[in-house]
Amino acid sequence: MNIDAPKVSVVMPVYKGDKHLSDSINSILNQTFSNLEFIIICDDPTDETRNILDKYQQNDSRVKIYYQGRQGLVNSLNKGISVAEGEYIARMDADDISLPDRLEKQVEFMNRNPEIGICGSWVKTIGNLSGLVWIFPCDHETIQSRMLFETVIAHPSIIARRDLFLNNGFAYKQEELYAEDYGLWVRAAKETRLANIPKILLHYRIHESTSDRNKQKYVANNIRLAQIKELGINPTEEEFKVHEALSYYVIHHNREFILEVIFWLEKLRTSNFEMKIYPEPAFSTVLGQQLYFVCKNSTYLGFDSWNLFNESKLSKSVGLSIAQKTKFLLKCIIK
């Protein structure tokens, strides 16, 4: 064991990222927690990128730059992990901003909770759609259950134990590019516990890219389908369309859609009771919340929406407050 090794290895891939690069680097180097190495894997660098990175490497011994030809994001991430020396590995993107106390809070959390292998945080968006706060669940059981539908850990916000990668052979997969984090979290949830710190520790930049969004959706759907099959279900095309709609919070405004949602969610619940893949009662609660979201946004159907929700067994697992029930009912009445 290298007693001089840094506590945290921050891994940041860079590819054509000059515009926000300095701000992102500064947000790490100016952290209140300073016992770190900053590993920057630079793909196919331009002269300007080299100028920016070389200055940081000359002025701060914690900065370690690895230049390479075009290798792609997945290979860059895996290389960064392979050369990391810290007890913890933290992720960073070249256009995001880490708040000054991000690493301090995450290291404190991981030190207090040795059972947690990967920890993210809440984030606030910048760039396109700026100002949104992404509030993610914080407990492992809910995170793992929600992973059947979507990723609920912001990739550039995470800190993870390096031993988790070394001892389990974990790595990002090329076939999961565009949803490489989602696939890794799903696999990791079977070996360790996941968490989110309920604080905004990262400003996450949103970009508009229809092409990337479509590719991400395709890969993410494959990850969802694999999880469904682990439950012993081979969904029909129509069933998977319902699952996809729930995963992206898309509602089809008719009674038939709600009935399809109820049938599908109850099928998932029944299969999980048999296969015991997801923790209960968290899984049933997540399914109930999915149904509640659909029904409360379908109150134009009047009491039909209220009745369909309450007649489902899943409604009992949501744990709605009196205020939530009252608001839901009133919206159904006045439709």
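Trainee: Which residues of helix H3 (residues 73-83) are buried?

Mentor: Val-74, Ser-76, Leu-77, Gly-80 and Ile-81 are the buried residues of H3. Buried means under 20% relative accessible area, exposed means over 50%, and partly exposed lies in between (1.4 Å probe, protein chains only). Helices (H or I, at least four residues) and strands (E, at least two) are DSSP runs, numbered from the N terminus. Please bear in mind that this is a predicted model, in which local features need pLDDT of at least 70 and side-chain atom pairs count only at pLDDT 80 or more, while totals for chains, interfaces and linings use all residues. Residues are numbered from 1 along each chain as its sequence is written, and side-chain values use heavy atoms, with hydrogens and water left out.

Trainee: Why are the buried residues of H3 said to line one face of the helix?

Mentor: Viewed down the axis of H3, the buried residues fall within an arc of 165 degrees, and therefore they line one face. The arc is that of the directions from the helix axis to the C-beta atoms. An α-helix has 3.6 residues a turn, so residues three or four places apart point the same way.

Trainee: What covers the buried residues of H3?

Mentor: The cover includes strands E1 (8-14), E2 (36-43), E3 (63-68) and E4 (88-91), together with helices H6 (162-168) and H7 (180-188). Contact here means heavy atoms within 4.5 Å.

Trainee: Which residues of helix H12 (residues 303-311) are buried, and what do they pack against?

Mentor: In H12, Ser-305, Trp-306, Leu-308 and Phe-309 are buried. The buried residues of H12 pack against H10, H11 and H13.

Trainee: Why is Cys-332 called buried?

Mentor: Cys-332 has a relative accessibility of 2%, and therefore counts as buried. Cys-332 lies in helix H13 (residues 322-334). Leaving aside neighbours within four places in sequence, Cys-332 is in contact with Thr-299, Gly-302, Phe-303, Ser-305 and Trp-306. From C-alpha to C-alpha, Cys-332 and Lys-316 are 19 Å apart in space and 16 residues apart in sequence.

Trainee: How do you know whether His-243 is buried or exposed?

Mentor: The relative accessibility of His-243 is 0%, so His-243 counts as buried. His-243 belongs to helix H9 (residues 237-247). Not counting residues up to four places away in sequence, His-243 touches Leu-148, Phe-149, Arg-224, Ile-228, Trp-264 and Leu-268.

Trainee: Where is Ala-245, and why is Ala-245 called buried?

Mentor: Ala-245 is in helix H9. Its relative accessible area is 7%, so Ala-245 is buried. With neighbours within four places in sequence left aside, Ala-245 is in contact with Val-250, His-252 and Phe-257.

Trainee: Why is Tyr-249 called partly exposed?

Mentor: Tyr-249 has 36% relative accessibility, and therefore counts as partly exposed. Tyr-249 is placed in the loop between H9 and H10. The phi of Tyr-249 is near 55 degrees, a positive value in a residue other than glycine.

Trainee: What makes Lys-16 an exposed residue?

Mentor: The relative accessible area of Lys-16 is 66%, so Lys-16 is exposed. Lys-16 lies in the loop between E1 and helix H1 (18-29). Although Lys-16 is not a glycine, it has a positive phi of about 50 degrees.

Trainee: Why does Asn-30 count as exposed?

Mentor: At 53% relative accessibility, Asn-30 therefore counts as exposed. Asn-30 is found in the loop between H1 and E2. The C-alpha atoms of Asn-30 and Ser-98 are separated by 9.5 Å, and the two residues are 68 residues apart along the chain.

Trainee: Which peptide bond is cis, with omega near 10 degrees?

Mentor: That is the bond from Glu-280 to Pro-281. Pro-281 has its place in the loop between helix H10 (255-275) and helix H11 (282-296).

Trainee: How many helices and strands has the protein chain, and why is the chain called as compact as a globular protein of that length?

Mentor: The protein chain has 13 helices and nine strands. Its radius of gyration is 22 Å, close to the 20 Å that the globule rule gives for 335 residues, so the chain is as compact as a globular protein of that length. The radius is taken over C-alpha atoms, and the globule rule is 2.2 Å times the number of residues to the power 0.38.
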